[in-house]
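Biologist: I would like a close look at one part of this model, with the cut-offs stated as you go.

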Amino acid sequence: MTNPFRRAKYTGPHTTSPIIRRYEGNPLFTAKDVPYDVDLVYNAGVTFFNGRYCIAPRVDCADPDPAPGESNFASIHTGLGWSDDGINFDIEPEFIRVHYKGGILPWVCDTRLTVLEGELYITFCFENQHSERPGIAKWRGKGVDFDAVWIGIPQQRNMVLYPEKINGMYMRMERPSNQWGDPFHIWYAFSPDLRYWGDQELLLGCEDVPFASIKIGAGAPPVKTDKGWLLIFHAVDGLPAAPEESEGRGWTKRYMSGAALFDLEDPTRLIAITKEPLLCSEMDYETGKDKDFWVQDTVFPCGAVIEEDGETLRIYYGAGDTNTCLATTTLTELWSVMTPAARLAETATIPFRYQDWVNNAGY
């Protein structure tokens with residue numbers, strides 16, 4: 001009997017959906033397009049705020065000769081920029097500063113942007129000597145300064161906020177890391193005030209995504225549509241090691257992008273999903289088969305914006321952990337490739353032995 005909660009690392013050959021159109025000027029952003037000296041500009045959160053596009057790309061500097069036990073990054077930061085057209089951004093000359101307990105948080109990265117109750121928020125993780133911690137911060141309204149609203153415990157990435165309250169409560173998606181090599185899943189939580197969170201439960205399991213085996217995570221914050229809450233997510237499976245690439249590190253993961261739809265009234269309920277990826281790494285600026293790339297076979301969405309026509313969807317994504325790119329589709333096309341779905345597990349309470357669940361459930 002096959003356990004559907006565990007699948008082979010490699011999920012098969014996949015290609016980008018024909019409904020996806022890459023921006024002809026990709027990559028939209030590279031290291032040469034920012035006003036400071038960095039090596040990598042990627043995983044950029046994007047939203048539309050006060051009549052302009054806002055972008056928050058991750059910007060890293062490599063350390064070519066790290067001391068023993070030190071990171072091979074010399075620094076990790078997040079930039080902030082503005083644009084009238086969502087293509088040409090003016091980047092602030094300073095990095096984002098997140099203020100917390102009288103100091104500035106180190107190595108804030110993988111930021112998502114959410115407009116909530118007329119205010120601009122970021123969700124992020126920050127690297128430190130006690131592992132990856134997640135956070136939520138609110139913009140001060142000018143410059144690059146944000147104030148931490150909530151800081152969590154390790155190990156978390158890919159946290160995103162919903163852009164409005166759900167039944168009077170704030171809602172977010174979480175993606176904690178698992179142990180024992182188990183897949184990583186997307187969870188949800190509710191809060192009355194953005195500081196105290198509870199009622200956590202499974203939102204989307206790795207087992208619910210046919211092209212994922214290692215992990216999934218929220219990409220862009222969810223977008224409200226007339227059919228439901230739309231989530232653009234990343235999904236990861238495994239590939240054979242390629243030791244000649246990624247500086248000999250033998251990168252074995254393939255990051256793809258998909259879409260899931262959740263009920264408008266009950267955003268904890270999955271109602272549709274793409275059974276095949278929307279976006280796979282295929283272009284030179286995505287595959288990373290290049291000495292200038294950090295990792296290969298990686299597309300990582302962090303921003304989704306519906307245009308003024310109410311139909312065009314822009315997806316901003318990182319490629320190769322190196323640059324920032326853009327792709328578009330339409331909601332009509334997206335609905336056409338989504339399949340009605342429900343979670344395999346209604347809650348994350350399935351017995352550790354799959355056979356026990358099968359026996360008890362009468363399957």
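Leaving aside its neighbours within four places in sequence, which residues is Met 173 in contact with?

Modeller: This is a predicted model, in which local features need pLDDT of at least 70 and side-chain atom pairs count only at pLDDT 80 or more, while totals for chains, interfaces and linings use all residues. Residues are numbered from 1 along each chain as its sequence is written, and side-chain values use heavy atoms, with hydrogens and water left out.

With neighbours within four places set aside, Met 173 is in contact (heavy atoms within 4.5 Å) with Asn 158, Met 159, Val 160, Tyr 162, Ile 186, Trp 187, Tyr 188, Leu 203, Ala 218, Pro 222 and Leu 231.

Met 173 also belongs to the largest nonpolar core, a set of 27 residues. Such a core consists of buried Ala, Val, Leu, Ile, Met, Phe, Trp, Tyr and Cys residues joined through side-chain atoms within 4.5 Å. Buried means under 20% relative accessible area, exposed over 50%, and partly exposed in between, with a 1.4 Å probe and protein chains only. The members that touch the most other members are Met 173, Ile 186, Leu 204, Val 209, Ile 216, Phe 233 and Phe 262. Two or more residues each come from strands E14 (170-176), E15 (186-191), E16 (198-204), E17 (215-218), E19 (229-238), E20 (253-262) and E21 (270-274). Strand E19 gives the most, with 4 residues. Strands (E, at least two residues) and helices (H or I, at least four) are DSSP runs numbered from the N terminus. Apart from this core lies another, of 24 residues, including Val 223, Ile 232, Tyr 317 and Trp 335. In soluble globular proteins, nonpolar side chains tend to be buried together.

Strand E20 leads on to the largest pocket: E20 gives two or more residues to its lining, as do E2 (40-49), E4 (73-78) and E13 (156-161). The pocket has a volume of about 590 Å³ and 28 lining residues, of which Arg 58, Glu 127, Glu 132, Arg 157 and Asp 321 lie nearest its centre. On a 1 Å grid over the protein atoms alone, a pocket is an open set of points where a 1.4 Å probe fits, with protein on both sides within 12 Å along at least five of seven lines; lining residues have an atom within 4 Å of a point. Grid points are joined across faces, edges and corners, and the volume is the space filled by probe spheres set on the points.

Strand E23 (312-319) pairs with E24 in the antiparallel sense over 8 bridges; pairing requires at least two DSSP bridges between the strands. Gly 318 stands opposite Thr 324 in E24. The hairpin of E23 and E24 has 3 residues between the strands, and Gly 320 takes a positive phi near 65° there. Strand E1 (21-22) is also paired with E24, antiparallel over 2 bridges, and Arg 21 stands opposite Thr 328.

As for cysteines, a search of the whole structure finds 0 disulfides, a disulfide being a pair of cysteine sulfur atoms within 2.5 Å. For Cys 54, the nearest cysteine sulfur is that of Cys 302, 14 Å away. Cys 54 counts as buried, at 0% relative accessibility. For Cys 206, the nearest is that of Cys 280, 15 Å away; Cys 206 is buried too, at 2%.
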